[in-house]
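Dear colleague,

Please find below the structure that I am handing over to you. My notes on what was found in it follow directly after.

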Amino acid sequence: MKKKIVLALKILGVLVLLLVIAGFFMARHFSKTFLSFEDDYAEKKDFKELTVAGYTFLDRNANGELDVYEDNRKTIQERVNDVLSKMTMEEKLHLLKGSGLASAMGRTEPGEGIAGAVGTIVPTPRLGIPTVYLSDGPAGLRIQPTREGDENTYYCTAFPIATLLASSWNQDLVGEVGNAMGKEALAYGIDVILGPGANMHRHPLCGRNFEYYSEDPLLSGYMGAAIVNGIESNGIGTAVKHYVANNQETERTFNDVKVSERAMREIYLKGFEIIVEKAQPWTIMSSYNKVNGTYVAESEYLLTDVLRNDWNFKGLVMSDWFGGRDPVAMISAGNDLLEPGTNRQWKAITEAAENGELPEAAIDRAARRILTLIFNTKKMENYRFGNNPDLKAHAEVTRQSAAEGMVLLKNENALPLSPGLNVALLGTTSYNFIAGGTGSGDVNEAYTISLEEGLSNAGYKVNQKASDAYKAHKTANLEAFKKPEGMDAIFNPFTPPEMNYTSAQLDEIVATSDIGILTLGRNAGEGGDRVEVNDFLMSNEEQVLIEAASAAFQNAGKKLIVVLNIGGVVETASWKAKPDAIVLAWQGGQEGGNSVADILSGKVNPSGKLPVTFPVNLADHASHANFPEGGDTWSLPQMLTGLMFPPDERPEAKKVRNRDYTHYDEGVYIGYRHFDKKSMDVSYPFGYGLSYTNFEYGAMDVVVENDTINLALTIKNIGTATGKEVIQVYSEKLNATIDRPVQELKGFAKTESLLPGAIDSIAIQIPVKELRYWNEENKAWAMEKGIYAIKAAASSRDIKQIVQIEL
C-alpha cells in the first residue's frame, strides 16, 4: 500500500512540474495565470509632447494639460505625491507586484519588451506610468542574445566575478566596471540591475561565493558601494542582494539562520550598511532564508528597524524571486515589491486591502517607494534606448579590471615570461576558459577568450604537441564536451573531463616547448553548494597531473606554471610546492584569457591581493561544523517547485541540521578573524599577493582628530618593475576586556602605478566609530576605551608598521 501511495505521489509531482513548466510558455497568451500579470495592463504609448515656458514635456495623459507629476522641473517627491494622489487603490496594489516571470521573460517580439529580463515593475496605463525592467546582472546583464524574428544580436559583456573585483582592492576601477554595466543596461532598456551581491564568504563551499566579494564586510561594503555608484551614475538602479545571511544555497528558500545579534551587526549586516551609507542604492533585495525564525522578507526588524531606522535607507526593498511566504506580512514589514509577481499574491493583497488587514498607509508607503524609483529612471524622461552599447570599449574595461584583480600566489623566477616562447598548455581548462559562474550570475556574452587564444594574441607560440593531445582528448569525449544550453546551462556548470598524459606524451611536449602552463578549472553557481572531494580538493587525476607535469618540466631545466581558473577557494597546501609559479586567475569574464596573458607576459604587473583566506584544510574553518555537506544541486523543476510550492513546515523534532536550520556558532569568527584568533597556519592569508617588484613601507603617522583616525605613510617601489601596492590597515584592541578578533580590517588604499624608485604618499581616514563592537546586552554599538594598535600591512600576516593610539 505504501509503495502505491509513493508512486501516486511521484506521478502527481511529475504532473505538477509539467504544469509549472507549461506555465512559463503559456503565460504570454493567457491572463491571470499564477505567473502572469493581467493583460489589460499593457503599456500605453500614445503620449503627446507639450511645451510649457520653453520646456518640452511628455503629456502622459495626452489631454493637453500638464499635471505636476509630468513636470520634470518639480522635485521627485512632489511628482510622486501628485501621481499617488491620482491613483486608484487597484492601481496602487498593482504596483506592489511584478507582472510575472513568464510575462517578463517571454516577450520576444520587437518592441514588446526585453527578452530575458526577469522581472518588471508594472505600468499604470491610465496615467502613462511606464513598465520598468529588471535584469540579472552581478557580472553583467543577463538578457537573451537572440530574439524570434529579429536578425540582430543583443550580447552583453561578461565582466569579472565579484571575488576577482574585490581582489583588485581598487574602488575606482570597480566603479569603472559599474559605469560600463550601467551604460550597457541603459543601451538595452534595462532599468534596474539585480546586483551586486554583498553576502559574506562564510564558508568556501557556498555555491554562489563567486557573486560575493569577500570574507570581510568592510572590503565587501567598499567594493559594493563602488559598483553601485558606477552603475547608478547612468540613471540605472541596482538591487543589492541577498539581504541578509544568505550564505548557503542548500535549502536556501526556507533555511533558518540561527545567529547572534553581534555576528549579524559586525559581519553579515555590516557590508550592506556600508553600501547604504556610501551609495544609497535604489533597491535592496531581501533574501529567501529565515533569520532566527522569521523569513527575512517578512521581518520588520531587518527591513524597517535596521535598514530604514538605523541606516536611513531611502530606497525600496524587493523580494528575491518568489521569496517570502505571506505577501501581506511582507508588505507590512517593509518588503515593498513582490517579484516576479504571482496571482496568489495579487489575491492575497487585494483581499487584505479590502478587509483592512493591509492598511492603506502601508500600501501608500510601498507604492511611494516604488514610484520614486520609477521617477528616477530614464523611462520618465521618454528615453529611447538604441540597443547599441559600446561592447568593444566594455571589453577593454573587463580585460583591464580582470588583470588587476588576478593574484600571484607563487613565483620562483618563472614569471614574467620572455617574449616569443613556445608554451605548452596542459589541462582541459586551458582551452575551455571559464568566464564566470552559473545561474543568475551568468552572462550571455558573445565570446570567451581562452588562455590558448590569449597567449597567441600576446605573441606566444602554443605548443602543437600539447594542442594535439587536447584535440584527441576532446574527440574521444565528444558527448562530455557538449555545453548545456538554455535553462539547463544555468543549473549544470560545463565541466568537461580532465586530461591524462602518458609519460611519452609529456616527454614529447616538454622536449618541443620552452615552458609549461597547467590550468585547473572549477565552476559553480546558483542552486547548489560545492563539495569537498574533487572540488575543494584536487582530484586524484589532478594531483597526478600536477606532480607529473612539474617533474617533467623541471627535470628538463624548464618551468611549470599553474593557473587557477576558479570561482571559489580550493585546497593548495598539498601541492603548491611542486610548480614554479601559481597565478590565481579567478574567473575574469569574457576577456579572461587575454587578461591572464597580460599577467604572464608582464604587460601588467600583478597587484591583486586575496579577499579571502586559503586554508590548509577545509575543516579548519570555524563554520565548517555548521555548513551543509553534499552540494545538492537543483534542476529547473526542483527550483520551481521549491520556490512556488514550498514544503510543509516540518515538526521541530524532524528538522534537519544545516538544511532546515543552520547554527552560526562561530559568531564573528569567519575567515581571517578565526584563523588569527586560533593562531592557525593557513596556505595563503587574507590580503596576500605577490608582485614582480618590491615595496618599502615608510614610517607611519597616526593622528586622531574630530572622531577620525588619520593615517599617513609613504610607499616606495624598491624593485625593478613598475607596479602597484595595496596597503591594508588593521586595528587591534590591546588588553581587550571582551571577546573580540585579534585584528580587523578598517581601511585600505592602492597606490598609483609606481616606476622603480618612485614614492607614493598614502592617506587613509578611519572613523573612530568603526572600532566599536556590538554590545548585545545594551543592544547598541559600544566603544571599548584604551590602547589600540593601528597596523599598516601587506597582508593580514605581513604587518609592516604599527602605531599605538589611545581612545
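Of the contacts in the protein chain with a separation of 6 or more, 76% are between residues 24 or more positions apart; a contact means heavy atoms within 4.5 Å. Please note that this is a predicted model, in which local features need pLDDT of at least 70 and side-chain atom pairs count only at pLDDT 80 or more, while totals for chains, interfaces and linings use all residues. Residues are numbered from 1 along each chain as its sequence is written, and side-chain values use heavy atoms, with hydrogens and water left out.

Of its 807 residues, 62% are buried, where buried means under 20% relative accessible area, exposed over 50%, and partly exposed in between (1.4 Å probe, protein chains only).

In soluble globular proteins, nonpolar side chains tend to be buried together. The largest nonpolar core here has 76 residues; such a core is a set of buried Ala, Val, Leu, Ile, Met, Phe, Trp, Tyr and Cys residues joined through side-chain atoms within 4.5 Å. Ile227, Tyr243, Met264, Tyr268 and Leu745 have the most contacts inside this core. Helix H7 (residues 217-232) gives the most to it, namely 9 residues. Another core, of 74 residues, lies apart from it and includes Leu455, Tyr460, Ile515 and Phe627.

An open sheet is formed by 4 strands in the order E25-E24-E29-E30, with antiparallel pairing; two strands pair if DSSP finds at least two bridges between them. Strand E25 (744-750) and strand E30 (798-806) are the edge strands, each pairing on one side only. Strand E29 (residues 787-795) is joined to E30 by 8 bridges, and Ala792 stands opposite Gln801 in E30.

Is helix H21 (residues 592-601) mostly covered or mostly uncovered? Helix H21 is mostly covered, with 9 of its 10 residues buried. Among these buried residues are Asn594, Val596, Asp598 and Ile599. Their cover includes helix H14 (391-405), helix H15 (451-457), strand E15 (515-521), strand E16 (560-565) and strand E17 (581-584). After H21 comes Gly602, which has a positive phi, near 90°.

Yours sincerely

How values were computed. Helix = DSSP H or I, 4+ residues; strand = E, 2+ residues; numbered from the N terminus.
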